Amino acid sequence: MRAEDTPLIRLEDYRPSDWLIDTVDLDISLHPTKTRVRSLLGLRPNPAGRPGAPLVLDGDELSLSALRLDGLLIEDGAYSATSQKLTLHAPPRRRFTLMIETEVDPSANTKLMGLYRSSRVYCTQCEADGFRRISYFLDRPDVMSVYTVRLEAAKLEAPVLLSNGNRVAAGEVPGEDRHFAVWHDPHPKPAYLFALVGGALDHVRQNYVTADGSTVELAVYVEPGKADRAGWAMDCLVRCMRWDERVYGRNYDLDVFNVVAVSDFNMGAMENKGLNIFNDKYVLADPQAATDGDYASIEAIIAHEYFHNWTGNRITCRDWFQLCLKEGLTVFRDQEFSSDERSRPVKRISDVRTLRATQFSEDAGPLAHPVRPRAYKEINNFYTPTVYEKGAEVIRMLKILIGEDTFRAGMDLFFARCDGTAATIEDFLACFAETSGMDLSQFARWYDQAGTPTIIASGRYDADARSYTLDLAQSTAPTPGQRDKQPFVLPVALGLVGQAGDLPLKTSSTAYASDGLVVLDQPSLSITFSDVAEPPIPSLLRGFSAPVKLELDLADAELLRLFSADSDSFNRWQALQTVATRALVGAGRFAAGCNALLATAGELSHALRGFLRDQAPADPAFAAQVLRLPGQADIAREIGRDVDPTAIHAAHRALSAEIGSSLGPDLLALHEALNAQTAYRPDATSAGRRALRNEALGLIALGSPEEGARLAQAQFAAGDNLTDRLAALAAMTLVPGDAREELIARFARTYATEPLVLDKWLMAQALIAEPGTLERVRRLMQHPAFSLSNPNRIRALIGGFAANLTQFNRPDGEGYAFVAEIVVALDRTNPQVASRLLGSFKSWRMLEPGRKALAEARLAMVAQTPNLSRDVADIAERALARQG
Ligand code: B3K
Ligand code: ZN
């Protein structure tokens, strides 16, 4: 497949399906290589479709074994079947049934789309278009059907048989070692939400009574022997179900809710109705095999998939262009859940870090696209940080603009009005326009215009008038296919910080919405605050109220004062990040600036010393965020052009090392003081203490490597949990030498039977910023812990390497060559994972000319490879496309 041969699907070409499928009766007889699928479809013409249109069902690598219309054979000329399509040329213009039989080979399905086997467990992944790999179907989200599914399998091979909805029958197949189960899902759903699971699985189970009084049987299924690691996921599930009842009034709507963990999975998890299927990385947890970060991710993803039950399943998407309708909204909901369960400011800081690292970088490169794309060749390439994370930011802004109560009223209206439908962004926004009485048409530009806006701000104090005037302007750089941008609606939460904290805000400007909120919806505006008793420091974008870049020229001293005096925790953190970023950008850009960097290190160390002594103990999780410098990729993005990763890395190391050595005694004392005396607990407070302690360890290792190595070895030996041990390994990777290699080997021995832990071990090594890393990664590909057929292993080792700024971007181009080689090889078996990996090239255009040419050449080689998948061809084509 070459990208230019693939049709472009456009939002403006949407038209309703000519046919509807009211009911689907599936009878699936599971077999490792010959699974028989019999599908009985209850069809009728769609009143909104074209009368007399042919029936064209989607297929993908299918072969038809039998076909009946209303129970009768169909004449040869009346239909045609290929692996990609089943067409009835002149179907009856009335209700009829179609029985379709196909045979599929789950063991040969390496794409992990459709029905496949993962460690002997049958499972499915149908979003976005995997159902057509199981049976011919109208595989589009606006065709919603009621499913009844009969599963049959060998008893020994698959004692557990699950599908969507409630189990309505089960039994033995007479005279055979086979059994069956019948599942019925009363809620109409699109095919992408269909799922089945069959295998030998252990489980934990718990009853749950919903707020409206019905009892639900909850279960988490895992591979045999791992049930003792399923407790945390169950605990998270119960908490998020209560939260959705309390915060959104949403109750669960079936008698059972099943979660299944499988070890081969293309992404994180999938929200199939009543049967969520998860990558086991996001289910299994115990202190020895999961880090604090894993516990938090499991909590977030269990919640995310559960929340889809209303935002995604009960209300689904009309077409895939509306993907953000379910994804952005559901990310917003899971972020809010985690904020309520943990620390709100810390959650916000970590979400913004992710947003900047993943989405801002996407928006700044050739793969930029609007939150609602207008055209695509391969929809699976649009499950992006823009659709998910920026999509969530758009919901957050909406809530800020209309206020909490009006937002909730809008959500209530959305649930009431759109329940059971396949909806659009317009349907969604109409609910909020109605509850708020606001015209949201300009706000809707967030869905259509790509690119990260910049707010340029400046302020001046007039001592005579005792007034402060703030000038705000917005601009957005061109993105592929979108040159001129219309102004966005930007909610700017702000405060004016004086000597003793926040000053009262008084203004008659119409841009001032309410309590500390200015709405910038013009190219520029000026707003004057009166009765300002002293020259203030502006604190803008509190809580990161809009996903934008901010240009505001504050002196380091002013930023450091915000760090100590701002009432907004996010902006306290941001102030210090800004000081560090500015210094790193200067040093990274000119590969010089050493003196300026040292001066900044001095300022930062001074501020941090006081903070660590006085404030860190009260909020270690926040302190850990404060201590962590901006990432090297963030600095690269800030520099934006002619980027030299080596110079950025050197500046980053120098600043960290300087801070690490000048704060040495404080960091050591902190590391000692935070040494937990009690057994591991995964709660946010305990995790915060470990996070701070391990940030300190990392800085010590950079500031005084010998001391760091000693501490890391001791921490590894004493560690009773994976969080501390992995942090010890990470600190040790910063210090080259035999001791490092010994710890690496010891780690592998300790966790030899834990594939998910060894993924972290693979990644820690792939991230070492030294020229030997490429060789090391090649060697690790031969290690028994690695496999090119498991997505988690690939993301850990190869994805880790592609995220290694200096080594992926080696000046000799060997990093690009290596990743490109893997992409091409992987494309033959798993195009989705291959195209994700190719996305690592997304920032190639901002590199200095030498590396840029090498990266471009590799991308071009990938693009020219014969028989590429649509997935990889599309990314290569867009990455290479001329700008403008
Ligand atoms: N909806 C799935 C993602 C499906 C990805 C298809 N390539 C998981 C989620 O967002 O919850
Ligand atoms: Zn989702």
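Trainee: Which residues of strand β32 (residues 537-540) point one way, and which the other way?

Mentor: I537 and S539 point one way, P538 and L540 the other. All of them are buried. Buried means under 20% relative accessible area, exposed over 50%, and partly exposed in between, with a 1.4 Å probe and protein chains only. Keep in mind that this is a predicted model: local features need pLDDT of at least 70, side-chain atom pairs count only at pLDDT 80 or more, and totals for chains, interfaces and linings use all residues. Residues are numbered from 1 along each chain as written, chains are lettered from A and ligands numbered from 1 in written order, and side-chain values use heavy atoms, without hydrogens and water.

Trainee: In what sense do β27 (residues 490-498) and β32 pair?

Mentor: Antiparallel, over 4 bridges. Pairing needs at least two bridges found by DSSP, so these strands qualify. In β32, I537 is the bridge partner of V497.

Trainee: Where else is phi positive in a residue other than glycine?

Mentor: At D642, with phi near 50°. D642 sits in the loop between α13 (632-639) and α14.

Trainee: How do you know that the length of helix α14 (residues 645-662) agrees with its 18 residues?

Mentor: The expected span is 1.5 Å times one less than the number of residues. That gives 26 Å, and the end C-alpha atoms are 26 Å apart, so the two agree. At the start of α14, a side-chain oxygen of D644 comes within 3.0 Å of the backbone nitrogen of T646. That is a polar contact: N or O atoms within 3.5 Å, where within protein one must be able to donate a hydrogen and the other to accept it, and residues adjacent in sequence count only if both atoms are side-chain atoms. Buried residues of α14 include H649, H652 and L655.

Trainee: Why is H308 called buried, and why E327?

Mentor: H308 has 1% relative accessibility, so it passes as buried. E327 also has 1%, so the label holds there too.

Trainee: What about N164: buried or exposed?

Mentor: Its relative accessible area is 2%, so N164 is buried. N164 lies in the loop between β13 (160-163) and β14 (166-172). Its side chain reaches the backbone oxygen of K273 at 3.0 Å. A polar side-chain atom of N164 is also 3.1 Å from the backbone nitrogen of A195.

Trainee: How do you know that the protein is as compact as a globular protein of its length?

Mentor: The globule rule is 2.2 Å times the number of residues to the power 0.38, and the radius of gyration is taken over C-alpha atoms. The secondary structure comes to 27 helices and 33 strands. For 884 residues the rule gives 29 Å; the protein has 28 Å, so it is as compact as a globular protein of that length. Of its 884 residues, 60% count as buried.
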